[in-house]
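Subject: Structure for you to look at

Hello,

Here is the structure I promised. Please open it next to this email and follow along.

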Amino acid sequence: FSREVKEANWRYYVPRTVHLSSLSFGIHSIIASELGRSDEAYEFFKHAAHVDLGPSPHASDAGIHAGAMGALWQAVVNGFGGLRLRPDGLLAFRPRLPEPWRRLAFLVEWRGVRLRAEIRRSQLALERLGEPERSVPVEVEGEMYTLEDKLQVTFSKAGPGKPAPETGQEH
């Protein structure tokens, strides 16, 4: 869907949604991130976390809500990390960290290649871990890059910068 359609649906449905499903908050967090509504994304994320991890000591007496935990993981990786699969199957990142966070790191496996992503306020560092040793095409904020071993891209909300020179230091 276009951004305009997503935005129109957000404005229409969010005030009408009662969030009776434990999946609702996590999914709303992802879409809020995608729309650049970072404060709302973080609030929905906190609600999603409270389903099983919140102040109510009996929220998970009968066991955790596995689906809600999956939605929480997706809110982090797909929402704040901005990870998507493009229609052609390639990885794309549009990171949007919530204001209280300084960094986010996660592992992902794509077509048999393990990747480590670390996101800071305006920087994405990707590292290929282990085998197989092949390049990985990746899109960051609309620009295409090729990940050999390590890649560091500096970006702003307006778009990406150029890859930073490799320093060998952890980013």
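In what order do the four strands of the open sheet run? The order is β1-β2-β6-β7, and the pairing is mixed. Keep in mind that this is a predicted model.

Start with the sheet. Its edge strands are β1 and β7. Each of these pairs on one side only. β7 covers residues 143-147. From one strand to the next, the twist averages 30°.

A reminder on pairing: strands of a sheet pair through backbone hydrogen bonds, either parallel or antiparallel. For β1 and β2, the sense is antiparallel, over three bridges. You can find one partner by eye: Leu 85 has Leu 91, in β2, as its bridge partner.

Now turn to the largest pocket. Its volume is about 350 Å³. The lining has 21 residues. Which of them are closest to the centre of the pocket? They are Lys 6, Glu 34, Gly 82, Arg 84 and Arg 94.

Where does the lining come from?

α2 gives the most, with three residues. By class, the lining holds eight charged, seven nonpolar and six polar residues.

Best wishes

Note on methods:
Residues are numbered from 1 along each chain as its sequence is written. This is a predicted model: local features need pLDDT of at least 70, side-chain atom pairs count only at pLDDT 80 or more; totals for chains, interfaces and linings use all residues. Side-chain values use heavy atoms; hydrogens and water are left out. On a 1 Å grid over the protein atoms alone, a cavity is a set of points where a 1.4 Å probe fits but cannot get out, and a pocket is an open set with protein on both sides within 12 Å along at least five of seven lines; lining residues have an atom within 4 Å of a point. Grid points are joined across faces, edges and corners, and a volume is the space filled by probe spheres set on the points. Helices (H or I, at least four residues) and strands (E, at least two) are DSSP runs, numbered from the N terminus. Ala, Val, Leu, Ile, Met, Phe, Trp, Tyr, Cys and Pro count as nonpolar, Asp, Glu, Lys and Arg as charged, and the others, Gly among them, as polar. Two strands pair if DSSP finds at least two bridges between them. Axes are lines fitted to C-alpha atoms, for helices over the stretch in contact, and angles run from 0 to 180 degrees between N-to-C directions.
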